[in-house]
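Hi,

Here is the structure I said I would pass on. Have a look at it first, and then read my notes below.

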Amino acid sequence: MAQFELIMPKMGESIMEATILKWVKNVGDQIELDETIVEIATDKVDSEVPSPVAGKVVQLLFGENDTVAIGKVIALIETESASSEPKSSPALAEPAPQTNGQSPAAASASNGALSTSTPVANPQPIGKGEGNRFYSPLVRNIAQQENISLQELEAISGSGMQGRVTKKDILSYLDERKETPANVTTAKATPSSPKGTPVQVSYTAPAVSLDGNVEIIEMDRMRKLIAEHMVMSKQVSPHVTSFVEVDVTNIVKWREKVKDVFQKKYNEKITYTPIFIEAVARAIRDYPMINISVDGTNIIVRKDVNIGMAAALPSGNLIVPVIKGADQLNLAGLTKTVNDLANRARANQLKPEDIQGGTFTITNVGTFGNVMGTPIINQPQAAIMAVGAIRKKPAVLETEYGDIIAIRHMMFLSMSYDHRVVDGFLGGSFLRKVADYLEGFDGDRAV
């Protein structure tokens, strides 16, 4: 007999930990190759983990709702192999390295990487559930070793996914703290402050009265993450929103004319969403500086056009699956991809890679009958566009015989963008270009 070490699998390039939702197999259960052993959750996606081996579950090292670092052993499976050496899951992330039995934070500190002027005196560990956002085990360990309070940790601007504090962030904070008292949580800009130094502002949410007839509902895990991400985005990016009204009569009439033929030919229902995505992808090629991210003082220009589309889940929460290489797909390809992602989102069957790598996001507020919105940027992107409800309304048309008033299908596009790197000229021009592509849609386009 031999024991196989099942480790927490790597679920995405920037995902450092996952939460165990449910053990499908318990100690003593037999398990077959590729049979689901545990259900886990990352920032937005719930996934089933299949067993890489057949055997008997002999030990579960973590309980349900525990958050575990990627690469850490979570269970032991007894196999029929003759080897007595424990084996681990192949091709998965390795656990954080340790030096001489020390934790990563302690090892770094002993090498002088984390030395500060603040003495460490019986630091209290920061629990994984404490604070308004998630902290990786490594960050919590460094905070404990360097006597960083939860209040200080909450004030550190995070550059990681969902605004999380990374090892680089906390080390940079420690360097700055050498000359700053540890109990200062709000840094004020002064004439002597070096240019480019970020101003960190902490805030406290106002107290909420529980008097009267109230019901208290605890946020679920995804709602907490969404709330954290929205607040972070508004703090990171100065938002500006531009609006434009679009005549989409040609699109509406074309879709009504071809929807049955389209479905018979491609076995897919044609909606307005892939048409909007096609126009956005074309406009991004015309204005590539919309397809960017900000990394400190550097602008990262994304050469791939990966369009995220916000989708509602049955729970009421939102998720943003991504259409990869949207500019390389024709309308039929976009329709297949959009329908597939939307269906799997509603069935809670999206994979981690389905929500990663987005460079621009579209959200359809028209689904709820809203005519426009001011969406919050999906970090680390630089812009997000909302499409409103299509309404019949009178509009002035210019003809060779003069202006006339006609009933047209009209809608509003609204786009929020990061004013640090996208000025009004670029943002407005891009939005107008999307509108031009929609208004210029060929009503005689072949299916």
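A salt bridge here means a side-chain nitrogen of Lys or Arg within 4 Å of a carboxyl oxygen of Asp or Glu. With that in hand, look at Arg255, Glu256 and Lys259, which are linked in a network of salt bridges.

Before going on, some housekeeping. This is a predicted model, in which local features need pLDDT of at least 70 and side-chain atom pairs count only at pLDDT 80 or more, while totals for chains, interfaces and linings use all residues. Residues are numbered from 1 along each chain as its sequence is written, and side-chain values use heavy atoms, with hydrogens and water left out.

**Salt bridges**

How many salt bridges does a search of the whole structure find? The search turns up 14. Let me walk you through some of them.

I'd begin with glutamate 278 and arginine 445, whose closest N and O atoms are 2.8 Å apart. This pair links distant parts of the chain: glutamate 278 is in helix H7 and arginine 445 is in the segment after helix H9 (424-439), 167 residues apart. Helices (H or I, at least four residues) and strands (E, at least two) are DSSP runs, numbered from the N terminus.

Are these two residues buried or exposed? For that you need the cut-offs: buried means under 20% relative accessible area, exposed means over 50%, and partly exposed is in between (1.4 Å probe, protein chains only). Glutamate 278 has 15% relative accessibility, so it counts as buried. Arginine 445 has 26%, so it counts as partly exposed.

Next come arginine 344 and aspartate 340, which form a salt bridge with their closest N and O atoms 3.1 Å apart. Both sit in helix H8, and because they are 4 residues apart there, about one helical turn separates them. Arginine 344 is buried, with a relative accessible area of 19%, whereas aspartate 340 is partly exposed at 36%.

The side chains of arginine 432 and glutamate 439 meet in a salt bridge too, at 3.2 Å from N to O. Arginine 432 is partly exposed at 30%, and glutamate 439 is also partly exposed, at 31%.

**How the helices pack**

Two packed helices are described by the angle between their axes and the distance between the axes. In this model, the axes are lines fitted to C-alpha atoms, for helices over the stretch in contact, and angles run from 0 to 180 degrees between N-to-C directions.

Helix H7 (residues 273-286) packs with helix H8 (residues 331-346) at an angle of about 120 degrees, and their axes are 9 Å apart. That angle makes H7 oblique to H8. The cut-offs are these: under 35 degrees is roughly parallel, over 145 roughly antiparallel, 65 to 115 roughly perpendicular, and the rest oblique.

H7 also packs with H9, at about 130 degrees and with axes 9 Å apart, so H7 and H9 are oblique to each other as well.

Most residues other than glycine have a negative phi, and most peptide bonds are trans. Here are some spots to check against that.

- Aspartate 34 has a phi near 70 degrees, a positive value in a residue other than glycine. Aspartate 34 lies in the loop between strand E3 (30-31) and strand E4 (36-41), and is exposed, with a relative accessible area of 55%.
- Asparagine 348 has a positive phi too, near 60 degrees. Asparagine 348 is in the loop between H8 and E17 and counts as partly exposed at 44% relative accessibility.
- Which peptide bond is cis? The one from glutamine 379 to proline 380, with omega near 5 degrees. Proline 380 is found in the loop between strand E17 (360-364) and strand E18 (383-387).

**One more proline**

Proline 314 lies in the loop between strand E14 (311-312) and strand E15 (318-319). At 67% relative accessibility, proline 314 counts as exposed. Proline 314 and alanine 347 are 33 residues apart in sequence and 8.3 Å apart in space, C-alpha to C-alpha.

Cheers
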